Amino acid sequence: METHINNCTFCDIISNKAPSEKIYEDDYVTCIKDINPASTHHYLILPNKHINNAKELCSIDDELYDRILSTVDIIAEKQGLDLTITRTGFHWPPFNTISHLHLHVISPICNLNLFKKFIFKPNSYWFVSVRIMHILKIINPLFQIDLKLMNIVLQTDYVKSYLKNRK
Ligand SMILES: [Zn+2]
Ligand SMILES: [Zn+2]
């Protein structure tokens, strides 16, 4: 299985061929500072293995996906983030700028300007929270979800009530 692809900025960063500010790394994930931070803290958690985007995360990568999520807690601890005012999520294709899966960790949310609030709008069809990812994985473990289906999912009463109590 190919784990590194040429001409991928994040693969180069992971293998130290390109510069970055690494906050954390282990055998599975690497966490870097976003070069264009949306708030005081803005980190990207990358799987060391190349995966194009959230849509292509399939059930084979369940363990890796869990590692990405548990890294949020490691980063929060390391950088002193208050998770109640922290936003995490994935850009859904075609709205991802770099084609190497990355989980955004942004804190505090109140510092986002209007434009960034739009780009990182939780549970829009372009920025998908970890909670919605959880639902998508149940609905379609192969993750072959297009934007039309995503819109339908976000509009269901089940998802709406599921999201009601979150920030
Ligand atoms: Zn890559
Ligand atoms: Zn992104």
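Mentor: Two strands pair if DSSP finds at least two bridges between them. Let's keep that in mind for this predicted model.

Trainee: Happy to. What makes E1 and E2 a pair?

Mentor: DSSP needs at least two bridges, and E1 and E2 share three, in the antiparallel sense. In one of them, lysine 22 has isoleucine 32 in E2 as its bridge partner. A hairpin of three residues connects E1 to E2.

Trainee: Why are strand E1 and strand E6 said to stand at the edges?

Mentor: Look at the order of the open sheet, E1-E2-E3-E5-E4-E6, with antiparallel pairing. Strand E1 (22-25) and strand E6 (127-128) each have a single partner strand, so one side of each lacks a neighbour in the sheet.

Trainee: Why is strand E2 called largely enclosed?

Mentor: A residue counts as buried when 20 or more other C-beta atoms lie within 10 Å of its own. Four of the five residues of strand E2 (residues 29-33) are buried, so the rest of the structure largely encloses this strand.

Technical notes
Residues numbered from 1 in each chain as written. Chains lettered and ligands numbered in written order. Predicted model: local features only at pLDDT ≥ 70, side-chain atom pairs only at ≥ 80, totals over all residues. Helix = DSSP H or I, 4+ residues; strand = E, 2+ residues; numbered from the N terminus. Buried ≥ 20, exposed ≤ 12 C-beta atoms within 10 Å, placed from the backbone.
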